[in-house]
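Here's a predicted model to look over.

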Amino acid sequence: MSHFQYQNGALHAERVSLSAIAAQFGSPTYVYSKAALLENFGAYADACQGRDALVCYAMKANSNLAILDLLARAGAGFDIVSGGELLRVIAAGGDPGKTIFSGVGKTVEEMRLALEKNILCFNVESIPELHRLNEVAGSMGRRAPVSLRVNPNVDAKTHPYIATGLKANKFGVAFDDALQTYRSAAALPHLDVVGIDCHIGSQLLDDAPLLEALDKLIELIDTLADEGIHLHHLDIGGGLGVNYGAEGDQPPVPVGDYLGRLFARIDAWRAGRHGGQPIKVIFEPGRSIVADTGVLLTRIEFLKPGVEKNFAIVDAAMNDLMRPTLYQAWMGVQPVVPREGDKLTYDVVGPVCESGDWLARERDLAVAPGDLLAIMTAGAYGMTMASNYNTRGRAAEVMVDGDRVQLIRQREHPADLFALESMLE
Ligand code: LLP
C-alpha cells in the first residue's frame, strides 16, 4: 500500500497532510515516507534472510544522510560511484566494509580514500583502471579487493540513456574479453580478485534480462574456477523498476519474486558443482528502494491558457526534477486537495527559461492558482540530479514518520549558490 494516500480530502504522507508540510516548509519540497523506505528495504532483506547476501543500496538514487542512516541501521551496505559518496556513507554512520565502489572513472585520490577506509570491493570497469588501482594499492603497501564489471551484452529493454549492459555502452568489460581481463587482474601483485559484477540497466519491469545476465555470470565463474581463479561473490547490480503509474504501464516484477527466482538458480548451480560451496550474492538496488518513498510538492503560481495548450506554471522546475525532460519520463501528478469542477488539459511546467522545462504533459486537472500538486514517485533520481540552473536554490527535503515531520535538508538560498565564487582582483 502506498504511504501517500488521500485522507479527509487531502493527500497525506503517512499521517501528515502535504498542505501542512507546504505551510510549514514552503515549496518546492521533497517529502519522503520513512515507513515506505523501511518497507522497500525490508522486501530485499526478507528475501535474503538466512543467506550470504548483501544489499548495497545504490545511493546515487537518493543520498540524503537521513535516508542513508535509516538504511545503514536496517543493515544495508552501499554502492558508491565517487569519493564524495563514500564520505556520505561515513557521515551517515554507514560501514565502508559493506561498501562497493562502481564507476568507469575512479581517480587516484578516490582509490586512495577508498583503500584507507577499507571498502569491501572495487568494481573495476577496464584494464587501465586495474593498473591504476594496482599502482595505488602498491604505493600504500596494500592489496585492493576487486571485482570485474562484466558487460553481459543483454538487452535490458529500457530507455537507451539508462541501459548499460549492451556492447555499445561505455560500461564494463566486454563478455568476450572478461576471461583475459581476469587473468591480467590475477597477475597483478597488489590486487585480490574476489568477485564479479554487472549492471545491465535501470527501470527493468521484467526480471528475464536480469536472469539472463545471471546465467552469463555463472558461466564465467565456472570457467574462471577451472583456471584456478575462485570468486567469492557475485554482484548482479540493481535495475529493478517501479510503477510510475502511467496508464497501460506494465507493473514491475515484485522484489521477492525476482530474488526468489535468482536464488533458486544460484542454488541449483551451486548444488551441481563439486563441493557446492556457497557464494556471496550482492545487489545494488537504487530506484526500487527509494522511488515510491518520495513526492515533490509544488505550488501552482499561474494558470496560462495558450493557443494550443494550457500551462500550469508551478514553482518546481527541471532543475528540481530532471527526469521528465531528460528521459521523457512520465511522472504522476496529483492535486493535494482535489477540487470539484471541470478538468482542463495542462502541461505542468516550471519557471526556467527553456521549453524543455516541463514536469508533466497533457494532464487533465481541475486546479486554480495557489493549489498544491504532488509529483509522485519522485524519491529516486530526483533530488540527487537537481541543479542550481537559473540560480534556483535546491528544494528542501523533509521526512515523515507517522504523524511527525522532520526537515532533513534545508532549502538552499541564493546567497549560498554564489558563496564560492569571487570577482577578479
Ligand atoms: N549499480 C550501478 C553500477 C548503476 O549504474 C546503477 C544505476 C545502479 C546500480 C542502480 O540502479 P537502479 O536500481 O536504481 O535501477 N537517472 C536515471 C537512472 C540512472 C541509473 C544509473 N545507474 C533515472 O532517473 O531514471
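The protein chain splits into domain 1 (4-31 + 291-417) and domain 2 (103-283). Their C-alpha centres sit 36 Å apart. The contact draws nine residues from domain 1 and eight residues from domain 2. Between them, the two domains bury about 770 Å², with 64% of that on carbon and sulfur atoms. On the domain 1 side, Tyr327, Trp330 and Thr377 lose the most area to domain 2, and together they make up 59% of what that side buries. As for salt bridges between domain 1 and domain 2, the count is zero.

Now for the inside. In soluble globular proteins, nonpolar side chains tend to be buried together. Here the largest nonpolar core has 104 residues, and the ones touching the most other members are Tyr57, Phe122, Leu234, Ile236 and Leu262. Helix α8 supplies the largest share of this core, nine residues. Where does the core lie relative to the domains? Domain 1 (4-31 + 291-417) and domain 2 (103-283) both give residues to this core, so it lies between them.

Leu234 shows what such a spot looks like: leaving out residues up to four places away in sequence, Leu234 touches Ile196, Leu214, Leu217, Ile221, Ile266, Trp269, Ile279, Lys280, Val281 and Ile282. Another core, of 17 residues, lies apart from the largest one, and Ala13, Ile21, Phe25 and Met376 are among its members.

| Helix | Buried residues |
|---|---|
| α5 (residues 108-116) | Glu110, Met111, Leu113, Ala114 and Leu115 |
| α7 | Phe175, Ala178, Thr181, Tyr182 and Ala185 |

In α5, the buried residues pack against α4 (83-91), β7 (99-101), β8 (121-124), α6 and β9. After α5 comes Asn118, with a positive phi near 60°.

The buried residues of α7 pack against α6 (127-139), β9 (144-151), β10 (173-174), β11 (191-197) and α8 (208-226). An α-helix has 3.6 residues a turn, so residues three or four places apart point the same way.

Definitions and conventions. Residues numbered from 1 in each chain as written. Predicted model: local features only at pLDDT ≥ 70, side-chain atom pairs only at ≥ 80, totals over all residues. Heavy atoms only, no water. Buried < 20%, exposed > 50% of the residue type's maximum accessible area, 1.4 Å probe, protein only. Helix = DSSP H or I, 4+ residues; strand = E, 2+ residues; numbered from the N terminus. Contact = heavy atoms within 4.5 Å. Core = buried A, V, L, I, M, F, W, Y, C linked by side-chain atoms within 4.5 Å. Domains from an automatic or database assignment. Buried area = accessible area lost by both parts, 1.4 Å probe. Salt bridge = Lys/Arg side-chain N within 4 Å of Asp/Glu carboxyl O.
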